[in-house]
Amino acid sequence: MVKSALQVARAAYKPKMPKALYGSVKIEEGAATQSVADQEEVKKLFPNTYGMPTLKFVEASEKANYPAINVGVILSGGQAPGGHNVIAGLFDGIKNLNSGSRLYGFLMGPGGLVDHDYKELTGEIIDEYRNTGGFDIIGSGRTKLESKEQFDKGLEILKKLDIKALVIIGGDDSNTNACVLAEYYKAINAGVQVIGCPKTIDGDLKNEMIETSFGFDTACKVYAEVIGNIQRDCNSARKYWHFIKLMGRSASHIALECALQVQPNICIISEEVEAKKLSLDDIVTDIAKAVARRAADGNNFGTVLIPEGLIEFIPAMKVLISELNDFLAHHQDEFNAVPKDEQLAYIRKNLSADNSKVFASLPDGVARQLTLDRDPHGNVQVSLIETEKLLAEMVGNKLAEMKAEGKYSGKFASQVHFFGYEGRCAAPSNYDADYCYSLGYTAAALIGAGKTGYMSSVRNTTAPASEWIAGGVPVTMMMNMERRHGEMKPVIRKALVELDGAPFKYLVANREAWAVGTEFVYPGPIQYFGPTEVCDQPTITLKLEQGK
Ligand code: FBP
């Protein structure tokens, strides 16, 4: 494999870890835990893994003897920078327990466990992937591990390979399923521990024990770099408004963090849109007014950041999408038989009056998108809706109306962008390289301690790595009951942007100045070599959350 000069140099990087993990460790137990809500229901569903204490690893004076152990690992869901370092940390961690330990990777996500598709990860393979981005060492997938049949099928191969512990690296849903698996294997005395690791660029798997999900740091820094470049271009040519959509299936953490890094003119936060019950027209009007204000100062340019999940947080759109899902689920054949150029009118005719009005207000392209591309569960794939184009087009129309009324006299030309895949497999920043390696190493320590149903936790990460705190948090502690596909299910509570949290408040305190002035920041690319204040900074979100 040909490698770039940076890749070769970066391979030699030694990730930093919490001080306690360098030698032998012992466990300090915290108090027994409760789920974040619905305690009785969650407890009933997890009789063997509910209520366990939080754990912290501290230095031990004596070295314990561990038997050699075979461990399996799975990458689940969307790629996130640093996944390879979690696996490298896990590998080094289990070898540190006992050099005879072995690591097996299940291929292409949880499906690999069910289909018995695996490969042994040797030291030679691991060395090829240290500090690299991507999940290509074993691949990832979105198969949901949820049925007893899948668990039993998985157990066959675990038994065959004498695997005593399985590490699942995933987001909220994958870790929920990891916990169900841990509970099941414990209930049937399968002799297999299950440990989770918090992954997702979306940043929505976090709580008091999990400061951030890995990959968020690097992905945001990549997007902030390119938005910064766009802003400098924008401020040089002074002729375009750039509408930039940023990944994040549901929560707006990525858009918010990028805004904190680049100080754009406008950043929409979906959670605020929902709380204020804004309509699409409200959002468009607000942007158009900001454009008009800047135009009055002679500034016919600017940037607008848009979170990917926005559409579903606009209350009227949510109701419309829900009725459309229901309607098409029952009338798909009838709809398919309608000639293409009459399909939108057919939908308008069949929706309730309010929803029909909202549907009619959408540009045809978007309205059509809402009738197509349903996922296997019959839902509109909102991430395919080009919100950046929708908003640019609607703002243009609104400005034309304002011009006709004499309320605007500028020039408006737009460019649209969507940043997501550009950042998901970037080479991890020092923060993610260190955090991920530490998460993997901590997972090995949890395995050594015989734990199951825990998520690897590394905290205090705005301090130097030597002061980070490694431990474990029971997955049941993060759970509540939510309606999924018509049934109440235990799930890890998703962390949305908190409107009373420090990061959002910082945006609110500054956005007026950023909208009127041109206070762009140009963060530049991630630096892997150089002074610590350039290379080792955590996200602004994390610093603000921790009062730094
Ligand atoms: P995970 O939560 O699984 O890590 O995935 C996050 C994400 O990158 C979202 O930001 C995005 O909406 C989604 O994956 C896209 O996934 P896919 O490429 O599989 O369509």
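In this predicted model, domain 1 and domain 2 bury about 1,600 Å² between them, and carbon and sulfur atoms give 57% of that area. On the side of domain 1, the residues that lose the most area to domain 2 are Ile201, Asp202 and Asn430, which together make up 32% of what that side buries.

**Polar and charged links across the interface**

Between domain 1 and domain 2 the count is 1 salt bridge, and 10 residue pairs are found in polar contact across the interface, with both partners at pLDDT 80 or more.

**Salt bridges and aromatic pairs in the whole structure**

Over the whole structure, the search finds 23 salt bridges. Two of the salt bridges are set out below, each with the distance between nitrogen and oxygen.

| Salt bridge | N to O distance |
|---|---|
| Glu545 and Lys206 | 2.6 Å |
| Asp536 and Lys16 | 3.6 Å |

Asp536 is placed in the loop between α21 (532–535) and α22 (540–545), whereas Lys16 is in the loop between α1 (5–11) and β1 (25–32), so this pair ties together parts that are 520 residues apart in sequence.

Aromatic rings provide a further set of side-chain pairs, and here the count comes to 11 aromatic pairs. One of them joins Tyr431 and Trp468 in a tilted arrangement, with 5.9 Å from centre to centre and 55° between the planes. Because Tyr431 lies in helix α19 (residues 430–448) and Trp468 in the loop between β12 (454–459) and β13 (469–474), the pair ties together parts that are 37 residues apart in sequence.

Notes. Residues are numbered from 1 along each chain as its sequence is written. This is a predicted model: local features need pLDDT of at least 70, side-chain atom pairs count only at pLDDT 80 or more; totals for chains, interfaces and linings use all residues. Side-chain values use heavy atoms; hydrogens and water are left out. Buried area is the accessible area (1.4 Å probe) that two parts lose on being put together, summed over both. A salt bridge is a side-chain nitrogen of Lys or Arg within 4 Å of a carboxyl oxygen of Asp or Glu. A polar contact is a pair of N or O atoms within 3.5 Å; within protein, one must be able to donate a hydrogen and the other to accept it, and residues adjacent in sequence count only if both atoms are side-chain atoms. Rings of Phe, Tyr and Trp (its six-membered ring) pair if their centres lie within 6.5 Å; planes under 30 degrees apart count as stacked, over 60 as edge-to-face and the rest as tilted. Helices (H or I, at least four residues) and strands (E, at least two) are DSSP runs, numbered from the N terminus.
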